[in-house]
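Please open the model in your viewer and keep the selection tool at hand.

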Amino acid sequence: MTSGPVLSVRDLKVEFASRRGVLRALDGVSFDIGRGEVLGLVGESGAGKSLTGAAVIGLLEPPGRIVSGEVRLLGERIDALPERQMRAVRGRRIAMVFQDPLTSLNPLYTVGQQIEQTILAHLPVSRREARRRAIDLLKEVGIQGAERRADAYPHEFSGGMRQRVVLALALCAEPDLVIADEPTTALDVSVQAQIIALIRKLCLERGMAVMLITHDMGVIAETADRVAVMYAGRIVETGPVAALVGAPLHPYARGLMAAIPRLDGDRERLAQIPGAMPRLQDLPRGCAFCPRCPENFAHCHVERPELVTRGEHRVACFLYGDGLADRAGDDGAAPAPEMDGAPGEAVP
Amino acid sequence: MIAFVIRRLFQSVIVMIAVGLIAFTMFRFVGDPVNQIVSIDTPREQRERVRQDLGLDRPVPVQFAAYLVRAAQFDFGMSYQFRQPVRGLIGERMPATLELAGVAAVLALLVGIPMGVFTALRRDSLLASLFMAVSLVGISLPTFLIAILLRYLFSVQLGWLPSYGRGDVVMLAGWSTGLLTASGLKALILPAVTLALFQMTLITRLVRAEMLEVLRTDYIRFARARGLRNRTIHFGHALKNTLVPLITVTGLQLGSLIAFALITEYVFQWPGMGLLFLGAVQNVDIPVMAAYLMLTATIFVGINLVVDLLYAAVDPRLRIAARPA
Amino acid sequence: MSTPDTQRRDGWSARARDNEVLASLLATPMALVSVCVVLAMAGAAALAPWIAPSDPFDPGAVSLIDSLTPPRWVEGGDPRFLLGTDNQGRDLWSAILYGMRVSLIVGLSGVALAAVVGIGLGLVAGFAGGRIDAVIMRIADVQLTFPAILIALLVDGVVHAMVQDSQRETTAMAVLIVSIGLSFWVQYARTVRGSTMVEKNKDYVQAARLMGLSAPAILVRHVLPNVTGPILVILTINIALAVITEATLSFLGVGLPATQPSLGTLIRIGNDFLFSGEWWIVAFPGATLAVFVLALNLCGDWLRDALNPKLR
């Protein structure tokens, strides 16, 4: 294996052609995920998190399409693969887990059948071997009595158990990357913790890269190694989880952190970010967050800030120096507008 | 499961008794049955005797019970119109209707389902739009107009197919079938196509709508994200999930197939039950009307029962729900 | 993912919705054409007494000498009869206009009856619940398995048995309307019942009950506006179905008599002459019926899509 990142996304732009004109839903998103690393992608609904996941796995719903940028999996470009080759990537090398385990499983097949079907689609194994692997997988994700439960239908499982089945399905062809789109949102709080622990464990044991999409900063704090905060189709801040959760820089990220309910310390009133994210068709000319930002100043209204490095963080906000000047300096140091890679990883 | 079947059976019996009540009311209170049997100048005593023979002097609930018992043996008395037992009249004509409806149903399913799948999967193709346009016309054209049109084109103008009747029939164990003779099969084509056309368009549109709905679901997205083949996704996952609504509608439509068979039979003078019923309505032949009502009700109720059982076979969720708690 | 605007009671958003419906109409040429066709045909039917060249109901105005005249442009045509005449010498063009009128009167009244009965029973079933609900919905289930044509034929047969033949002409239309009304009510009842059951458990209805206000009155005010969309769609498609049902019954000879012909009656008359080559008696009424029903169905399809927030 190369020492580079498992997934590398560069300057990804996704657009939707609609009757009212072209909407840019993702605008220059770049990030890397290394082996055994969990990258948390956070933001409000509509920020473009799920869209990023769908673009990576090549399941953008038309009329959405990638207009520029690159997606590389272990160095190989996959953003423009023909459908047939992309199908071999999906499930085999990149797996995806959706939000709602209730609706992610086909109600008319037993869970065993669904896992075997997926294994047989990707691996050259016999039916009997597929069955054996399916049961092993169910055991691995913590299903009691896997031999028996493999013949049960999805509706015979509880929500948490179903999400475990969904994880087993995602893992069955041993993918390099798992995209988990709000994997715990539909679950009870107690079950959430179990699923998070399971994802963490599988990621470490199997050395997979995980892209964890969520709006829940609590989940991020417990699971992710690094965090990227998205707002209106862009990444506004990224950094190691401790730094970002402990001392967020971007006013939006600070707002998100303040909105996490804390059980320790004083039960302060939960902070809220006033207003709502602008719709894609009426993004302001300057910083997209500026209308809701408590600290905005004149310049924010006229220009969009670029990501600049501040300690362990990279942040797109004019509060942290003049974006343009800094980026010019960056360009001198590193030829490509690189994001920080995994900790300790050298930028080629 | 057994409790479920029993509950369903019980409901079916209630429905049949209700329909029987309607049939009995028609028979007993619409016009005087005695007047239909005897001639106008029959003396009073003889009328009374007929009345007693028919049991019309007994209390109404007793009459109803007796009527139900006889109906269960399919004894509906004499047709006012033909002066023959209704049972024989219907028995003669039933095979013709059932063959027509059966062939039409098979035709509708065999053509309708693939067309529905195709129009859903190749939504933007020209052929799919063409199918949809044709299906809209098919759903808008009344059956009798289609029948007239086909008959005019293929028998009056082109002279390819007979314009009425059933052709030669063969008796097989008391069942007269037209499926075994060339002229019988030829005569079947136009009526069967007429009858199938509406159902076919309906099935096409239903399968298309359901497929489109299912293709949007999470489990199809998840199946795609797992890299399954398109064929597996479309036929193994999507089509299978459209089966439940398809069974419902097909079941319900079998009822209207019988109703529309009546129209087809009328245009093509197909000697089936519908034609008999139509004559009965025009001539106020209550026993035949009542018998037809009971018979179609039995068929509908039977179909509904089968549909309910089929659900359980297709959808494991219902199997659980059907199990006694 | 923007949440669709679900506030329907708000006057402003209701108006915005109407505008959107109008906009979608203008953006869908097919729908626009069909709405125009339906309006034009309904208008022509309504104005039949003023625009028809002759009155086909007036026995004095027709003469058997003119019978079976082909359309004007065909050899043997008569300039007085644009589309030819039927077997009694009635001008077909006038007969179609009047027939359309009859078909529409029957269709609209039948559907109106069905809607009133269905909405009423739906409200009662949804609100009362329990046994009453069970009984009404069971009847609906049974009713649903019986095709409208069969019910109509049965009603027709029973009525025929009860009234004298001389009265048949006067009762024929009423019988048709009642038959259609009786066979089409189920869909309305189901739709309204569903909404009623959702709405009746909402807090404001409970609050109104506690305050001693009449909950049914509140339900009518809140449930009905919520189901106008679906009901409108059912209405449109049902009118098409009712017109077909009427035409079918008349075609089968149990609907309207030849003295007050609807489109179906005209087709029935024409069908007898098809073999001898007088095609026009079937063709023109048939085409009129088909175009009208097709246009209505297209309107219904479009309306369903336009009112469905999921598809917008």
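Two residues are in contact if their C-beta atoms, placed from the backbone, lie within 7 Å. This is a predicted model, in which local features need pLDDT of at least 70 and side-chain atom pairs count only at pLDDT 80 or more, while totals for chains, interfaces and linings use all residues. Residues are numbered from 1 along each chain as its sequence is written, and chains are lettered from A and ligands numbered from 1 in the order in which they are written. The model scores ipTM 0.77 and pTM 0.73.

**Chain A**

Select chain A, where, among contacts between residues at least 6 apart in sequence, 63% join residues at least 24 apart. Chain A holds 12 helices and 12 strands; helices (H or I, at least four residues) and strands (E, at least two) are DSSP runs, numbered from the N terminus. Of its 348 residues, 46% are buried, a word used if 20 or more other C-beta atoms lie within 10 Å of a residue's own C-beta, all of them placed from the backbone.

Now colour the open sheet of chain A, in which eight strands follow the order 6-7-8-3-9-10-12-11 with mixed pairing; two strands pair if DSSP finds at least two bridges between them. At its edges lie strand 6 (94–97) and strand 11 (308–310) of chain A, each of which pairs on one side only.

Within this sheet, zoom in on strand 9 (residues 226–231) and strand 10 (residues 234–240) of chain A, which run antiparallel and are joined by six bridges. Val229(A) is found opposite Glu237(A) of strand 10.

**Chain B**

Move to chain B, which has 13 helices and two strands, and whose C-alpha atoms fill a box of roughly 85 × 65 × 35 Å along the principal axes. Buried residues make up 42% of the 325 residues in chain B.

The average for chain B is 79, and 93% of the residues score at least 70. Confidence in chain B is highest in helix 5 (residues 86–121), at 86, and lowest in helix 13 (residues 316–322), at a mean of 58.

Helix 4 of chain C is mostly covered, with 27 of its 37 residues buried. Just after helix 4, Gly129(C) takes a positive phi of about 65°.

Which elements give two or more residues to the side of chain C that touches chain B? The contact takes 32 residues from chain C and 32 residues from chain B. On the side of chain C, those elements are helix 5 (130–145), helix 6 (148–162), helix 9 (215–251) and helix 11 (280–307) of chain C. Helix 6 of chain C gives the most, with 10 residues.

Technical notes
Buried ≥ 20, exposed ≤ 12 C-beta atoms within 10 Å, placed from the backbone. pLDDT = per-residue confidence, 0-100.
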